[in-house]
Amino acid sequence: MAIEVRIPTILRSYTGGAKVVEGSGDNLGELLADLDSRHGGLKGRLVTEAGALHRFVNVYVNDEDVRFLGALDAKLNDGDSVTILPAVAGGAFGFAAAAAIGTHKLAAATAESGQPAPDAAR
Amino acid sequence: MLSIDRSIIDAIVAHARRDHPDEACGVVAGPAGSDTPTRHIPLENAARSTTFYLIDSMEHLRVWREMDDRDEEAVVIYHSHTATEAYPSRTDITLAGEPGAHYLLVSTREPDTEEIRSFRIVDGVVTEEPVRIVDAAVDPHAVQSYKFGQSPTAVDYECSGA
C-alpha cells in the first residue's frame, strides 16, 4: 500500500533530492524500515539507536503528531500522508544540559503541545 | 548576506524584548527561492525557558503548511539569547534543521543595545554573514547625508565571517 512521505530539505540528500517519496507499512516503524531499504541512512536520522523516535524530529500522520498516536507504532493506512519536519529548537543552554532536562521538561512540553500550556496566563 | 527590512527587524527585536527573560522565537517567511524575508511570524516558545526554545509541533506543522500553500519558505529563523551573546550555541548548531535558512540571533542581555547577528548553519558548520537592514520607508531619491558604511536606504552590519 502506498503512503506519501514528505521529506524536509535537510534529509533530501537521502532521497536523491526528492521532496515527496512513497513507502509502505502497517505502522510508522515499518514505513521507516521500508524507506530505509531504498533511501539508506534515512531511518538513522529519525530513530535513535535505542529504537525510539528522535526527540527533535516531528513526524505527522495526516495532521496528527505521531507522539499522540503511539510514535513508531502509529498505525498507517493506504493513502495516508506522512510529514517529517526537523523540530525548530535551540537556545543558549549547553547541549548536554539541554539533553539532560530533555527527558523531563521537553517531554512535558511536547506532551502538552496539543493544548495551551497551563501557565499561558503569565 | 541577509537583506531584511527595518520594520521586520524592529518587530523581531520587540518580540524578543517582550518575552525577555524567556527566549523568543519565530520565522520570517518569503517567496520560495527569493531569499527575501517578507512575512514576520512570531511563534510561541513552547519550552518557556530562559535558555531554550522549542516550537510546538502542531504550530510548527500549521505554519509550515501555510508557507507551503503560499509558495513561501522560512527565509529567516530567529531566536533570542537573553543573557549571552547573539551567537549560535552548541545546542543551536546541533539542532539546526533548515540548511537553507538564515539563522538570526538577537541578544537582549543589554536593554538599550540592539544586538543582532545572522548565520548559516549547515552540517554543524556555522558561517556568520553580514546583515543589511533596508529601510523601505525612506525615499532613496531624497537628498540625505549619511555616514561611511551607510546608504540612504540601508545600514550594513559587517561581521568577521564574511
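Me: A residue is buried if 20 or more other C-beta atoms, placed from the backbone, lie within 10 Å of its own, exposed if 12 or fewer, and partly exposed in between. What share of the 162 residues in chain B do buried residues make up?

Reply: This is a predicted model, where local features need pLDDT of at least 70 and side-chain atom pairs 80 or more, while totals for chains, interfaces and linings use all residues. Residues are numbered from 1 along each chain as written, and chains are lettered from A and ligands numbered from 1 in written order. Of the 162 residues in chain B, the buried share is 41%.

Me: How many helices and how many strands does chain B have?

Reply: Helices (H or I, at least four residues) and strands (E, at least two) are DSSP runs, numbered from the N terminus. The elements of chain B run β-α-β-β-β-α-β-α-β-β-β-β-β-β from that end. The count for chain B is 3 helices and 11 strands.

Me: How far does helix α2 of chain B reach from its first C-alpha to its last?

Reply: Helix α2 of chain B covers residues 57-69. Its 13 residues, from first C-alpha to last, reach 18 Å.

Me: Within what arc do the buried residues of α2(B) fall?

Reply: Three names matter here: B:S57, B:H60 and B:W64 are the buried residues of α2(B). Seen down the axis, they line one face of the helix, because the directions from the axis to their C-beta atoms fall within an arc of 55 degrees.

Me: Which residues are exposed on the other side of α2(B)?

Reply: Residues three or four places apart point the same way, because an α-helix has 3.6 residues a turn. In α2(B), the buried set includes B:H60 and B:W64. On the other side of α2(B), the exposed residues are B:R62 and B:D69.

Me: Which residue just after α2(B) takes a positive phi?

Reply: Helix α2 of chain B ends at residue 69. Just after the helix, a positive phi of about 60 degrees is taken by B:D71.

Me: How many residues of chain A are in contact with chain B?

Reply: Two residues are in contact if their C-beta atoms lie within 7 Å. Chain B brings 32 residues to the contact, and β4 (53-54), α2, β5 (72-81) and α3 (90-95) each supply at least two residues of that side. On chain A, the number in contact is 29 residues.

Me: Is A:G79 buried or exposed?

Reply: A:G79 sits in the loop between β4 (64-65) and β5 (81-86) of chain A. From A:L42 it is 37 residues away in sequence and 21 Å away in space, C-alpha to C-alpha. A:G79 has 10 other C-beta atoms within 10 Å, so it is exposed.

How values were computed: Expected span 1.5 Å × (residues − 1). Arc of directions from axis to C-beta.
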